[in-house]
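We will walk through it together, one topic at a time.

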Amino acid sequence: MHHCLVSFCLSASLAAAGKPALDCGPLDVDLGVVPQGRVVHMERTCRNTGASELTLLPPNTACSCLSAKFDRYKLPPGGRAKLQMSLETSPLSDRVEFAVDLPLKTSDPLILTLMISADVRPSVIALPEYVDLGDYRKSPVSQVLIVDTTGKAFTIRQATSERSEVEVRWTPVELVRMGDRWQPSTARGAVTGYQITLSARPQSGRKSISDEVEIELTNELQKSLRLRVVGYSP
């Protein structure tokens, strides 16, 4: 009668089932909400759970924005390697999900796959980012709040109206978050943001406004943000 340790039997059964004898922890890595522009660094420790040496191959990723590498590629039984990953979020937006394939050099190549997901959002936002002036001859002015949701300070360098149909002015304001809304406040601990005032430029014979305003920022993660402005006067 043959006896074996539980861990050895488990690794043997995994190998028999065609699964890699490489344990890197949970296969799903959810980074949660990440400000756009930030580089997120992740590290996992991977362990050889099998009874023979493993040779790791360079990891493969589905996006050039995601890099991955091991600090060593030969793992004896029980040996460990650090998997270092970096996600560049500048070109990303909204919910993203990417695979990291960790191939092993074996006679029948096996691959372990990690799934990296994140909710990438601009840190500086406009409330609202779409402005409808309605009948701009009756109500030619509208206001927008600009805030860094991470609470960091920033400044507005300049604001440019693409079609010169609206005029843009701004002034610093203290903002506080109430539930899912931001509003001006004089309370301590408020976040410094800006109040943007948009006004329609008078132009004879014009019935509609359709313009975009680009706001250039001095911000660690985000360099600009855009507002869409429309209006109509019969």
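Predicted model: local features only at pLDDT ≥ 70, side-chain atom pairs only at ≥ 80, totals over all residues.

Let us begin on the inside. In soluble globular proteins, nonpolar side chains tend to be buried together. Here the largest nonpolar core has 30 residues, and the members that touch the most others are Leu22 and Leu87. Which strands supply at least two residues each to this core? They are E2 (28-35), E3 (39-48), E6 (66-70), E8 (80-88), E9 and E10 (111-121). Strand E10 gives the largest share, with 5 residues.

If we set aside its neighbours within four places in sequence, leucine 87 is in contact with residues including Leu31, Val39, Val40 and Met42. Its list of contacts also holds Cys65, Leu66, Leu92, Phe98 and Ala118, as well as the arginine Arg38. Apart from this core lies another one, of 22 residues, and among them are Ile146, Phe154, Leu217 and Val229.

Now let us turn to charges. Side chains of opposite charge can pair when their charged atoms come close. How many salt bridges does the model have? The count comes to 8.

One of them joins glutamate 162 to arginine 226, with the closest N and O atoms 2.9 Å apart. This pair links distant parts of the chain: glutamate 162 sits in the loop between strand E14 (155-161) and strand E15 (166-178), while arginine 226 belongs to strand E19 (residues 224-232), 64 residues apart. Are these two partners buried, exposed or partly exposed? Glutamate 162 has a relative accessible area of 47%, so it counts as partly exposed. Arginine 226 is partly exposed as well, at 37%.

Arginine 226 has another partner, glutamate 212, and here the closest N and O atoms are 2.7 Å apart. Because glutamate 212 lies in strand E18 (residues 208-218) and arginine 226 in E19, this pair ties together parts that are 14 residues apart in sequence. Glutamate 212 is partly exposed, with a relative accessible area of 24%.

Arginine 169 is partly exposed at 41% relative accessibility, and glutamate 167 is partly exposed at 33%.

Our last stop is the backbone. Most residues other than glycine have a negative phi, and most peptide bonds are trans. With that in mind, where is the cis peptide bond? Look at the step from leucine 127 to proline 128, where omega is near -5°. Proline 128 is found in the loop between strand E11 (124-127) and strand E12 (130-132).

Two residues to look at for their phi angle are aspartate 94 and serine 164. Aspartate 94 has a positive phi of about 65° although it is not a glycine. This aspartate 94 is part of strand E9 (residues 94-103), and at 55% relative accessibility it counts as exposed. Serine 164, also not a glycine, has a positive phi of about 60°. You can find serine 164 in the loop between E14 and E15, where it is partly exposed at 47% relative accessibility.

Technical notes: Residues numbered from 1 in each chain as written. Heavy atoms only, no water. Salt bridge = Lys/Arg side-chain N within 4 Å of Asp/Glu carboxyl O. Helix = DSSP H or I, 4+ residues; strand = E, 2+ residues; numbered from the N terminus. Buried < 20%, exposed > 50% of the residue type's maximum accessible area, 1.4 Å probe, protein only. Core = buried A, V, L, I, M, F, W, Y, C linked by side-chain atoms within 4.5 Å. Contact = heavy atoms within 4.5 Å.
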